[in-house]
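Me: I am new to protein models and would like to learn how to read charged pairs. Please take me through them step by step.

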Amino acid sequence: MTVLCFERLSRTTGQTLAQDLSHLRVTKRHFHALDLSRLLAAIMVLFWHYQHIFVPPVPYHVNVDRAIQPWYETLSWFYNHGHTAVQYFWAVSGFVFAHVYLADTHYKARFWPARIARLWPLHLLTLGLMAILQSLYFARSGTEFIYHTNDIKHFLLSIPLMHYWGWQENQSFNGPSWSLSTEILAYLAFFLMLPALRRAPLVLATIVGALLLWIMLIDGPNKDVLSCLGYFFLGCAAYGALLKGWLRPASLLPLGLALLVGAFWLRATYRAGDAATIAGTFAILFLMLAADLSDAKGRLTFGQKLGDASYGIYLWHIPLQLALVLLIDSTGNSRDIAREPWFLVFYVSLAIAAGFISHAKFERPAQRAVFTFWTKWKARKP
């Protein structure tokens, strides 16, 4: 889901080591089209989860008739396939991590503090809020809202983002955080493999990513974890291809379009959409890279600030949704109000606004606080 921004950490690298690793970073500092695409991906998830509003208070899964949702004929693709944005987040994360860390000689000191500062403050805040909101919903209806495994085990596992590593019963509390949980394992694998990746980023990342996705496609164990790691490392492989000079606008555009056509063909041919999702994910990634590499005048710079809101949108939209459902139910109104176009616009706008406000007023200050604490703690060490 994962959700990620480029690291804005200072890089004080020794001159010799910097020269040794300079071939592992492209000259382009920032990929603004990728940032913008993260915002759009987060909005896609809003449409996929909009159906939750119509689920009655029952302790089991309910299939909603998605056609009752506003402007369904126009927005049906987003209502039905918005969940595939999660795989795109994973692929972008792999690309970004390769860009940031392959040439960073001090990655061991920076990597985990940066991850903690970026992910955990908002995750813990929304986890606690969902625990409260779910308690209110349970007190009123006798069951949970959408995510029913809200017990102490899953709460404790959720704190360190370990709640979707294979021992879970189902999604819990702030459900979308499952993708962050699996992505922590991708971070760990990347961190451990980084010395080897530096020797052959394209070859090694391609082998690892393709192998894991192949095992996922043949229904290997722990499919969600395999999928996350596979997309992540193929994202790293895309960066490796960029380092080789193989990905240029002239090749990225036709390659992206061909993959996009292939994705629609695969979706029409095979009922299980995993192969189509792989093709579609990297089609969009390549098309965004084509836009970035063609942007010599920096017209896409605005995309960076827009992409910053994606993590907040992703983690706030379920708490906001549950709060709205509680408000509707407590006032005696019907949830059919969500069938009105104005309600869809209101909800999506509210979630987007929450993402921007959260980033500016909570996430960035929290990041600074974590880095300040980390610096002081290191200074006290003998």
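**Reading salt bridges**

Me: What is the relative accessible area of lysine 223?

Reply: Lysine 223 has a relative accessible area of 32%, so it is partly exposed; buried means under 20%, exposed over 50%, and partly exposed in between (1.4 Å probe, protein chains only). This is a predicted model, where local features need pLDDT of at least 70, side-chain atom pairs count only at pLDDT 80 or more, and totals for chains, interfaces and linings use all residues. Residues are numbered from 1 along each chain as its sequence is written, and side-chain values use heavy atoms, leaving out hydrogens and water.

Me: Which residue forms a salt bridge with lysine 223?

Reply: A salt bridge is a side-chain nitrogen of Lys or Arg within 4 Å of a carboxyl oxygen of Asp or Glu. Here the partner is aspartate 274, with the closest N and O atoms 2.7 Å apart. The pair links distant parts of the chain, 51 residues apart: lysine 223 sits in helix H9 (residues 223-243) and aspartate 274 in helix H11 (residues 274-294). Helices are DSSP runs (H or I, at least four residues), numbered from the N terminus. Aspartate 274, at 25% relative accessibility, is partly exposed.

Me: How many salt bridges are there?

Reply: The rule gives five. One of them joins arginine 38 to aspartate 35, with 2.8 Å between the closest N and O atoms. These two residues are three apart in helix H2 (residues 32-49), so about one helical turn separates them.

Me: Is arginine 38 buried or exposed?

Reply: Arginine 38 is buried, at 3% relative accessible area, and aspartate 35 is buried at 3% too. Arginine 110 and aspartate 104 form another bridge, at 2.7 Å between the closest N and O atoms, and both are buried.
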